Amino acid sequence: MWVFAVRDRAVNNRKWIAGLALIVALNVPAAQSSDGDSLPPNSVYQLQVSVEDQFGEITGLDRYRGKPVLVTMFYASCPHVCPMLVSTIKLTESKLSAAERADLRVLTISIDPERDTPEKLRETMERHSAEASRWSMVRSDPGDLRTIAGVFGVRYKQLPDGEYNHTTRIILLDRDGTQVASTEQLGRHDAAFLEAIKTSLH
Amino acid sequence: MHIPGGEFRSVIPEEEGDNSVAVADFLVQQAPVTNAEFLRFVLHHPEWQRGRAVSLFVDDQYLSTWAGSISLGPESGPQQPVTQVSWFAANAYCDWQDARLPSWYEWEYIAAANDNMADARALPEWRQDILSWYSQAGDDRIGEVRSGSANYYHVFDTHGLIWEWVDDFNAFLVTGDNREQGGADQLQFCGAGAITMEEKENYAVLMRIAMLSALEARYTTRNVGFRCARQSSE
């Protein structure tokens with residue numbers, strides 16, 4: 001899944017200094033679905049990227065297609081706010097009935113793929129008692145991260161000490177992967193967001 | 001163009017109090033990507049044509065100045081920079097060129113030059129020139145690329161023509177409107193809080209950051225285009 005390719009297409013030498021060997025980490029963002037699976041044009045599942053979960057299993061972003069999904073971006077070693085992201089999701093989920101909860105999925109995407117190995121993500125899942133049947137914590141190819149963040153409207157920046165600044169958005173995807181609601185409220189449940197979740201479950 | 005790397009003072013330092021940033025050698029296109037060049041791209045990649053590009057990646061103004069999905073027309077001459085392109089579309093173009101968008105620091109580095117100095121930012125007349133463009137930007141038809149003079153790095157149009165996407169446009173966590181609120185809104189930032197901006201007198205460059213931080217990756221606007229860059233292997 002860590003696709004690094006070198007292509008040798010001749011490029012316009014007027015624009016590029018010739019003679020330098022060019023090695024480019026080829027990140028294929030925004031590959032668009034052209035098969036007949038009739039995704040809505042604004043579905044995030046139009047984005048064809050691979051993610052690796054806490055068990056090392058590799059899938060597309062669409063691993064939960066067919067179910068409503070809460071998506072957030074975080075990093076496992078984040079000391080303060082990220083644990084609050086997880087607890088906010090759990091708080092929101094606690095407002096759902098057991099049957100509703102059983103139909104909802106949660107996908108947390110790491111912005112720190114170097115450090116957030118499957119082992120680290122598994123530990124984080126366990127620390128938060130996140131049900132692996134409905135939750136996954138995944139990392140992507142580092143080259144795809146800006147694109148994934150772009151799709152979800154998340155901003156992040158790595159700091160010199162290895163920590164990150166990032167915005168904390170929780171996004172609700174409907175069964176086809178269309179973003180239907182989001183919240184940036186932490187530590188309390190957002191009533192409008194909860195209502196949107198319930199609607200998507202019915 | 002090959003751009004030799006170096007250290008410079010960025011307006012958005014990595015660490016508070018130390019605004020020196022190192023940029024490695026890189027290659028960058030001399031001028032922003034033109035309509036003619038972008039047309040060639042969408043002919044090779046029909047999935048990026050207006051009307052076919054999916055709305056996850058572009059808004060409804062994508063390439064709206066073109067006469068048709070594969071024709072330029074009077075509003076968008078072949079030598080004018082392409083605008084009304086989203087970050088995703090810019091990325092896809094650069095990828096097609098085996099390249100990438102420049103990082104903010106790379107862009108800021110080449111944009112610090114005037115025609116004979118690598119870093120002309122302290123010159124009052126340089127600042128004045130740029131500010132006078134920003135104050136009128138948007139009024140007129142966009143000019144052609146390479147109409148002005150090349151800068152110290154032989155790069156054209158860093159100022160005075162359009163604004164440009166950078167690879168890490170979504171790394172800016174500058175949200176002035178959130179600050180007044182305090183409390184829960186501060187929790188939007190995980191880690192050390194919002195970026196602190198140094199060099200506040202460098203207003204023109206700060207305006208770019210403010211603009212980029214207001215964009216989403218699928219947005220397109222009349223004044224935002226791009227150019228591509230590459231790692232230098234030397």
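Tutor: Start with pairing: two strands pair if DSSP finds at least two bridges between them. Strands (E, at least two residues) and helices (H or I, at least four) are DSSP runs, numbered from the N terminus. This is a predicted model: local features need pLDDT of at least 70, side-chain atom pairs count only at pLDDT 80 or more, and totals for chains, interfaces and linings use all residues. Residues are numbered from 1 along each chain as its sequence is written, while chains are lettered from A and ligands numbered from 1 in the order in which they are written.

Student: How do you know that strand 3 of chain A pairs with strand 8 of chain A?

Tutor: Four bridges join strand 3 of chain A to strand 8 (residues 170-173) of chain A. The definition asks for at least two. The two strands run antiparallel, and A:Leu70 stands opposite A:Leu172.

Student: What makes strand 4 of chain A a partner of strand 3 of chain A?

Tutor: Six bridges join them, and strand 4 (residues 105-110) of chain A runs parallel to strand 3 of chain A. There, A:Phe74 stands opposite A:Ser110.

Student: Why is strand 3 of chain A called largely enclosed?

Tutor: A residue is buried if 20 or more other C-beta atoms lie within 10 Å of its own, exposed if 12 or fewer, and partly exposed in between; C-beta atoms are placed from the backbone. Six of the six residues of strand 3 (residues 69-74) of chain A are buried, so the rest of the structure largely encloses this strand. Both faces are covered: A:Val69, A:Val71 and A:Met73 on one side, A:Leu70, A:Thr72 and A:Phe74 on the other.

Student: What makes strand 2 and strand 9 of chain A edge strands?

Tutor: Take the sheet: it is open, has seven strands in the order 2-1-5-4-3-8-9 (chain A), and its pairing is mixed. Strand 2 (58-60) and strand 9 (179-183) of chain A each have a single partner strand, so one side of each lacks a neighbour in the sheet. From one strand to the next, the twist averages 30 degrees. Axes here are lines fitted to C-alpha atoms, for helices over the stretch in contact, and angles run from 0 to 180 degrees between N-to-C directions.

Student: Which strand does A:Gln179 belong to, and what stands opposite?

Tutor: A:Gln179 is in strand 9 of chain A, opposite A:Leu173. Four bridges join strand 8 and strand 9 of chain A, which run antiparallel. Helix 5 (residues 191-201) of chain A lies across both strands, at about 150 degrees to strand 9 of chain A.

Student: What makes helix 4 of chain A mostly covered?

Tutor: Eight of the eight residues of helix 4 (residues 145-152) of chain A are buried. Among them are A:Arg146 and A:Gly150. The cover includes strand 3, strand 4 and strand 5 of chain A, together with helix 2 (87-96) of chain B. After helix 4 of chain A comes A:Gly153, with a positive phi near 70 degrees.

Student: How do you know whether B:Pro124 is buried or exposed?

Tutor: Count neighbours. B:Pro124 has 7 C-beta neighbours inside 10 Å, so B:Pro124 counts as exposed. The cut-off is 12 or fewer. B:Pro124 lies in helix 4 (residues 124-136) of chain B.

Definitions and conventions:
Contact = placed C-beta atoms within 7 Å.
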